[in-house]
Amino acid sequence: FRDPFFEQFFPPLTYRERVSGLGSGVIVDRDGLVLTNEHVVRDAEDVRVTLPDGRQLKARIMGQSPVYDLAVLKVDGRDLPTAELGRTGDLVVGEWAIAIGNPFGFLLEDPQPSVTAGVISATRRDIKSDASGRGVYKHMIQTDAAINPGNSGGPLVNSEGKVIGINTFIFTRGGGSLGMGFAIPIEVAKKVLDEIRTYGRVRQAWLGMQVQELTAELAERLGFSDAGGLVVSRVDADGPAAAAGVQRGDRIREVNGEKVDDAEDAQASIYGAGVGDVITLELERGRRRLTVKITLVEVPGRGGRAP
């Protein structure tokens with residue numbers, strides 16, 4: 001009886017439904033540490049890890065980072081198979097790449113993972129948020145090895161079987177693979193793994209300053225002859241930037257040796273940097289050129305021990 005008069009006396013019915021999700025992962029430590037994507041376990045109340053031999057182990061989320069879309073799980077078990085981690089610094093476009101995971105695993109009654117082969121199509125791809133739908137991904141590995149729903153969080157390995165990336169998302173029109181899959185480089189995953197293993201979280205690094213893009217209008221107002229780069233708009237008195245000598249009004253030309261013209265350039269140049277890392281800035285102050293080194297510290301008030 002869809003009568004608006006009576007509906008005001010009877011509030012609409014609500015219900016909860018248990019929704020299951022599925023993704024892949026890779027065991028990277030004999031202590032039972034598992035790397036996967038953060039979006040695979042996001043808002044999960046119960047996590048189970050199924051091994052290729054059919055064993056199903058209860059897992060707890062040790063830590064997760066929405067910024068890097070990575071999570072670390074902990075499972076308890078014996079004789080756990082582990083994967084060897086490789087490196088991406090010497091990847092060559094055109095070399096073999098193998099994606100491992102459980103695509104459409106909910107349709108199969110087999111715990112054995114699937115393997116698809118392809119090549120490294122490109123490296124150091126930066127994906128904008130409107131393309132990935134979740135965030136900004138930097139320095140991604142692109143491959144044409146088929147990656148489908150359920151593959152997220154699984155390993156991308158080289159011809160030697162070493163993990164070089166964590167499969168994360170694809171470009172698609174209808175849900176299937178178009179030959180454009182992307183994996184988070186293993187170096188980024190290693191940093192997240194080490195942070196969570198040591199501190200129970202990924203510590204948020206802090207520079208202690210704010211910057212803004214130097215537009216033509218702002219450059220004219222501040223007395224610069226041209227636009228481009230970033231200008232320091234605020235320096236926290238007790239922050240690492242102030243300790244390194246950065247001043248309000250300084251113009252940033254380069255970050256870690258890379259020219260910066262906007263905030264995205266700067267973000268890309270320090271992507272993956274963590275607490276304790278050193279950032280090198282090339283500054284312009286009046287007619288002088290300065291080089292300063294800033295040691296990143298944790299955001300104030302975010303301290304704590306690992307659980």
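This is a predicted model: local features need pLDDT of at least 70, side-chain atom pairs count only at pLDDT 80 or more; totals for chains, interfaces and linings use all residues.
Residues are numbered from 1 along each chain as its sequence is written.

**Exercise 1.** Determine whether Asp29 is buried or exposed, and which residues Asp29 is in contact with.

*Solution.* Step 1: Asp29 belongs to strand S1, residues 26–29 (strands are DSSP runs of E with at least two residues, helices runs of H or I with at least four, numbered from the N terminus). Step 2: buried means under 20% relative accessible area, exposed over 50% and partly exposed in between, with a 1.4 Å probe and protein chains only. Asp29 has a relative accessible area of 17%, and is therefore buried. Step 3: leaving aside neighbours within four places in sequence, Asp29 is in contact (heavy atoms within 4.5 Å) with Thr82 and Arg197.

**Exercise 2.** Identify which strands pair with S11.

*Solution.* Step 1: two strands pair if DSSP finds at least two bridges between them. Step 2: S8 (residues 137–143) runs antiparallel to S11, with three bridges; Thr143 is opposite Gly181. Step 3: S10 (residues 163–170) is also antiparallel to S11, through five bridges, and Phe169 has Phe182 as its bridge partner. Step 4: in S11 (residues 181–185), five of five residues are buried.

Terms used. Side-chain values use heavy atoms; hydrogens and water are left out.
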